[in-house]
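Me: I'm new to reading protein models and I'd like a close look at one part, the nonpolar core. Could you walk me through that part and then show me how the rest fits around it?

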Amino acid sequence: MPSVSVAAIITRMEEGTTQILLTKRSPNMPTFPGAWVLPGGHVDEYETREQAVIREVKEETGLNYYPTLFGVYDEIFIDLKIHAVVTVYSGTGEGELVADEYEVSAMGWYSLD
């Protein structure tokens with residue numbers, strides 16, 4: 001049975017260039033340690049997907065996030081026995097970047113180019 005997850009595309013304009021925020025998963029994360037990913041995670045019980053993405057962005061980056069639905073995708077890694085239905089949102093964030101030290105070892109803004 002698939003799990004339900006969310007991911008956040010967080011963008012900003014910097015000197016006329018669109019940038020996206022990526023986070024690097026800390027070495028103590030059970031899946032994909034050290035990988036650069038979109039902020040996100042699992043949906044808690046009795047939580048909507050939109051509530052989950054707002055919470056996950058706040059927990060992982062410190063930003064207040066204003067999401068708009070981008071799309072829904074299957075994320076399947078058979079060798080890891082992972083099947084997640086991931087709802088992806090796009091939007092902007094406000095506030096100061098503060099990484100969750102347990103989940104995030106680094107983060108930064110990167111040009112879409």
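Reply: The largest nonpolar core has 10 residues: V6, A8, I10, L21, A52, V53, V57, L63, Y65 and Y89. A nonpolar core here is a set of buried Ala, Val, Leu, Ile, Met, Phe, Trp, Tyr and Cys residues joined through side-chain atoms within 4.5 Å. "Buried" means under 20% relative accessible area, "exposed" means over 50%, and "partly exposed" is in between (1.4 Å probe, protein chains only). Strand β1 (3-14) and helix α1 each supply at least two residues of this core. In soluble globular proteins, nonpolar side chains tend to be buried together.

Before going on, keep in mind that this is a predicted model, where local features need pLDDT of at least 70 and side-chain atom pairs count only at pLDDT 80 or more, while totals for chains, interfaces and linings use all residues. Residues are numbered from 1 along each chain as its sequence is written, and side-chain values use heavy atoms, with hydrogens and water left out.

Leaving aside neighbours within four places in sequence, V57 is in contact (heavy atoms within 4.5 Å) with A8, I10, P39, G62, L63 and Y65. Apart from this core lies another one, of six residues, among them A7, I9, A84 and V86.

Next, have a look at E56. E56 sits in helix α1, which covers residues 49-61. With 7% relative accessibility, E56 counts as buried. Its contacts, again skipping neighbours within four places in sequence, are V6, G40, G41, H42 and E103. One of those, V6, is also on the list for the largest core.

Let's zoom out. Along the sequence, the pattern reads β-β-β-β-α-β-β-β. Buried residues make up 34% of the 113 residues. Of the contacts with a separation of 6 or more, 63% are between residues 24 or more positions apart.

What about overall shape? A compact globule of 113 residues would have a radius of gyration near 13 Å, and the protein has 14 Å, which agrees. That radius is taken over C-alpha atoms, and the globule rule is 2.2 Å times the number of residues to the power 0.38. The C-alpha atoms fill a box of roughly 45 × 30 × 25 Å along the principal axes.

Finally, some spots in the loops. P27 is in the loop between β2 (17-25) and β3 (36-37), and P27 is exposed, with a relative accessible area of 69%. P27 and V104 are 77 residues apart in sequence, yet 8.7 Å apart in space, C-alpha to C-alpha. Not counting residues up to four places away in sequence, P27 touches P33 and S105. F32 is also in the loop between β2 and β3; F32 is partly exposed at 32%, and its phi is near 55°, a positive value in a residue other than glycine. Y46 lies in the loop between β4 (40-42) and α1. The phi of Y46 is positive too, near 65°, and Y46 is exposed, with a relative accessible area of 79%.

Methods:
Helix = DSSP H or I, 4+ residues; strand = E, 2+ residues; numbered from the N terminus.
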